[in-house]
Amino acid sequence: MTLPLRTELLRRVQRVPLFAELDRADLAGLLDGAALLRLPHRHTLFRPDQTADTLHIVLDGHVELSRQTGGRRSVVEVAGPDALLGDEAVFGDGRHGTGARVLAGATVLAIPAGPFRTRLADRPDLMRQLLATMSLRLRAMLRQIAELKLKTTAQRLGGFLLTLTADEDGAALLRLPYDKRLVAEQLGMQPESLSRALTRLGAVGVTATTDGLLVVEDLVRLRTFCAEEDEP
């Protein structure tokens with residue numbers, strides 16, 4: 001049995017791009033039957049090729065999306081807060097293209113796919129927003145593929161660090177949101193390559209502290225380095 005969604009939770013869900021333009025009454029109706037889940041580390045949300053019967057919104061924590069190829073697991077994406085998971089399967093062929101596993105605990109809103117699709121049929125505005133959201137995700141994945149081919153390991157790591165702060169300039173004190181091994185997988189490199197990339201970023205003012213933090217002396221300098229076609 002699910003309980004009505006509280007006002008503060010509805011307000012939180014409105015941060016998800018798909019639902020940002022909805023008032024709370026409409027949103028509550030659309031999410032009727034949703035369940036709030038607090039999931040432990042390594043909990044599996046779904047597996048590749050599993051029937052997609054639920055949409056998931058990540059409210060807190062991170063979820064690893066991966067595929068098995070030739071006996072090897074490859075990290076496709078690490079989804080953080082406000083991410084919508086499973087939409088491409090629910091509105092596609094009905095099966096998940098990746099597996100999803102919780103990292104270090106996460107809070108997730110699980111939305112039954114069938115009723116959601118039925119209600120969405122009466123909301124063409126939301127259908128358009130859903131397509132826009134999926135298009136943005138596709139563009140991000142294409143950009144990531146291009147960076148794997150065109151950017152050095154140091155530039156890819158620098159670009160990842162820039163996503164960890166909303167600041168545009170000045171200095172920043174950052175902490176990796178999950179372990180270095182997973183960051184390396186997400187960026188298409190080996191853990192030892194990530195360590196070397198971090199050392200190379202020292203030349204543009206990025207240093208690691210003894211307590212695991214990363215100091216970026218100048219965000220503009222780092223952004224300029226990451227945009228260069230050839231490393232200096």
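This is a predicted model: local features need pLDDT of at least 70, side-chain atom pairs count only at pLDDT 80 or more; totals for chains, interfaces and linings use all residues.
At the level of secondary structure, β4 (72-79), β5 (84-85), α5 (124-150) and α6 (153-162) each provide at least two lining residues. The largest share, nine residues, is supplied by α5. Classified by residue type, the lining of the largest pocket contains 19 nonpolar, eight polar and seven charged residues.

The second largest pocket has a volume of about 410 Å³. It is lined by 17 residues, of which R73, S74, V75, E185 and G188 are the closest to its centre. Domain 1 (3-148) and domain 2 (151-227) each give at least three residues to the lining of this second pocket. Here β4, α5 and α7 each contribute at least two lining residues, and β4 accounts for the largest share, with five. The lining of the second largest pocket consists of eight nonpolar, six polar and three charged residues.

One cavity of 30 Å³ or more was found, and the largest cavity holds about 40 Å³ of space. L157, L176, K180, V183, L194, L198 and L214 form the lining of this cavity, to which α7 (180-186) and α8 (191-201) each supply at least two residues. Six residues of the cavity lining are nonpolar and one is charged, while none is polar.

Note on methods: Residues are numbered from 1 along each chain as its sequence is written. Side-chain values use heavy atoms; hydrogens and water are left out. On a 1 Å grid over the protein atoms alone, a cavity is a set of points where a 1.4 Å probe fits but cannot get out, and a pocket is an open set with protein on both sides within 12 Å along at least five of seven lines; lining residues have an atom within 4 Å of a point. Grid points are joined across faces, edges and corners, and a volume is the space filled by probe spheres set on the points. Helices (H or I, at least four residues) and strands (E, at least two) are DSSP runs, numbered from the N terminus. Ala, Val, Leu, Ile, Met, Phe, Trp, Tyr, Cys and Pro count as nonpolar, Asp, Glu, Lys and Arg as charged, and the others, Gly among them, as polar. Domain bounds come from an automatic or database domain assignment.
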